[in-house]
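Subject: Handover of a structure and the findings on it

Dear colleague,

Please find below the structure that I am handing over to you.

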Amino acid sequence: MRQSQLFTKTRKEAPADEVSKNAQLLIRAGFIHKEMAGVYTLLPMGLRVIKNIEEIIRKEMNAIGGQEMFLTVLQDKEIWEKTNRWSSDKVDIWFKTNLKSGGELGLGPTHEEPIARMMTNHISSYKNLPIYAYQFQTKFRNEVRAKSGIIRGREFSMKDLYSFDLDQTGLDAFYEKVALAYKRVFNTVGIGHQTYRTFASGGPFSKYSHEFQTVCEAGEDRIYLDEKSGIAVNKEVLNDEVLKDLKLAKKDLIEKKTIEVGNIFKLGTKFSEPLGLFYTDESGVSKPVIMGSYGIGPGRVMGTIVELLSDDKGLVWPKTTAPFQVHLVRLGENQAVVSFADNLYSDLEKRGVEVLYDDRDLRPGEKFADSDLIGIPVRFVVSDKTVAENKIEVKHRTLSESELMSIKDALKIL
Ligand code: ATP
Ligand code: MG
């Protein structure tokens, strides 16, 4: 991509009403646009980051047997009434709307109800189980506070996975597989070192659920962490019984601010029973399907990467999520420099390297400031000086020194 063609421009200031660091930086760098509080458009570079995060999650979900599908946003009131989750007294974040022909619809805040009903078409016998299905879908939630940028949107994307098992043993085994897959996801996107599997409130089917909580000053959640064992408990559930249960001593626990980047939940029969999702076992007995649900917010993950890794110069993307692998920055307009940089650009493209080529006629200081703000992991600089030596200057976003290298050597670091 030639930067001169990119319609997004960097900005000195974020909107005055934007208080979160993640949205401020992402807006200034041209990754997102703020429509209104809690509602953000993904611009080309923001979309590239989200697609990278989604692809990392998708690989892990497929590897544990997940089948990708795509449910609808519009929700049928009837099924949510069956589980007692239509009423705003029960679920207070609904966005609802009316049909012209009469009747109410909801915009899905989550998808347990529709997927459980849908699966009644596909599950009747033990032979049909287990099934693991997931999607990346836009969710709508009328969140009261929307001050954390893309970490808490009113419209946001979620990867939600649902498991359908014969029994508790099947669920327990799959639940642990998802937990490991989530750990790999958070490691790959670059926040694993600060992310803890955390005991959180369960339901009638299991004492605890688990959240994946990333330690971060911008976090809205609070956990208690035992640094020695790595065991973490959401502050909301910590009491004497839980301490005893998990063999923890209050004095060893440190309170941390965290962002919940994912969670996993054993649902049991909470949705299958009211929605009529049953199967016939080997001896002909009808039994409710045992469900679990597992969520990660790609947008929240992107916001967490920004909160955790960015510095005073701007964004810092790990290789795995960066919008481009390399930022090729050309200094000057001399014919020799232009043709050197143009050739390098097309060579990189031919090799399948994702490259943002700053071919704009701007002062070096402006170009470097933009490059730092955008945060691509590696920068290749082409100038009169480098061309004279038939080399390029290579700089990593997080290092202060740069190094003069041959193109051949520079390619090796990509
Ligand atoms: P929170 O307690 O932060 O509101 P939640 O418990 O409502 O989160 P879930 O319903 O379990 O979250 O959603 C699964 C995942 O979706 C979360 O772990 C998070 O990554 C993401 N997520 C939830 N709400 C939002 C939101 N408003 N904006 C962006 N991502 C979200
Ligand atoms: Mg919530």
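Helices (H or I, at least four residues) and strands (E, at least two) are DSSP runs, numbered from the N terminus. The structure is a predicted model, in which local features need pLDDT of at least 70 and side-chain atom pairs count only at pLDDT 80 or more, while totals for chains, interfaces and linings use all residues. Residues are numbered from 1 along each chain as its sequence is written, chains are lettered from A and ligands numbered from 1 in the order in which they are written, and side-chain values use heavy atoms, with hydrogens and water left out.

Two backbone features in loops

P130 lies in the loop that runs between α4 (112-119) and β7 (131-140). The peptide bond leading from L129 into P130 is cis, with omega near 0°. For background, most residues other than glycine have a negative phi, and most peptide bonds are trans.

Division of the chain

An automatic or database domain assignment supplies the domain bounds. The protein chain is divided into domain 1 (21-309) and domain 2 (326-413), and the C-alpha centres of the two domains lie 40 Å apart. Contact (heavy atoms within 4.5 Å) links 6 residues of domain 1 with 4 residues of domain 2.

From the record, an unreviewed UniProt entry lists residues 38-318 as "domain: Aminoacyl-transfer RNA synthetases class-II family profile". UniProt positions are given in the numbering used here, feature names are shortened, and annotations may be inferred rather than shown by experiment. The span 38-318 is 26% helix and 33% strand, and its end C-alpha atoms lie 25 Å apart.

Helix packing

Axes are lines fitted to C-alpha atoms, for helices over the stretch in contact, and angles run from 0 to 180 degrees between N-to-C directions. Angles under 35 degrees count as roughly parallel, over 145 as roughly antiparallel, 65 to 115 as roughly perpendicular and the rest as oblique.

Helix α2 (residues 44-63) packs against helix α7 (residues 298-309) at an angle of about 110°, the axes being 9 Å apart. α2 is therefore roughly perpendicular to α7. On the α2 side the contact is made by G46, V49, I50, I53, E54 and I57, and on the α7 side by P298, G299, V301, M302 and I305.

How do α2 and α5 lie relative to each other? The axes of α2 and helix α5 (residues 168-189) come within 10 Å and cross at roughly 155°, so the two helices are roughly antiparallel. Here I56, I57, E60 and M61 of α2 meet A181, Y182, R184, V185, T188 and V189 of α5.

α7 also packs with helix α1 (residues 21-28): their axes come within 8 Å and cross at roughly 95°. α1 and α7 are therefore roughly perpendicular. The residues that meet are K21, N22, L25 and L26 in α1 and M302, G303, V306 and E307 in α7.

With kind regards
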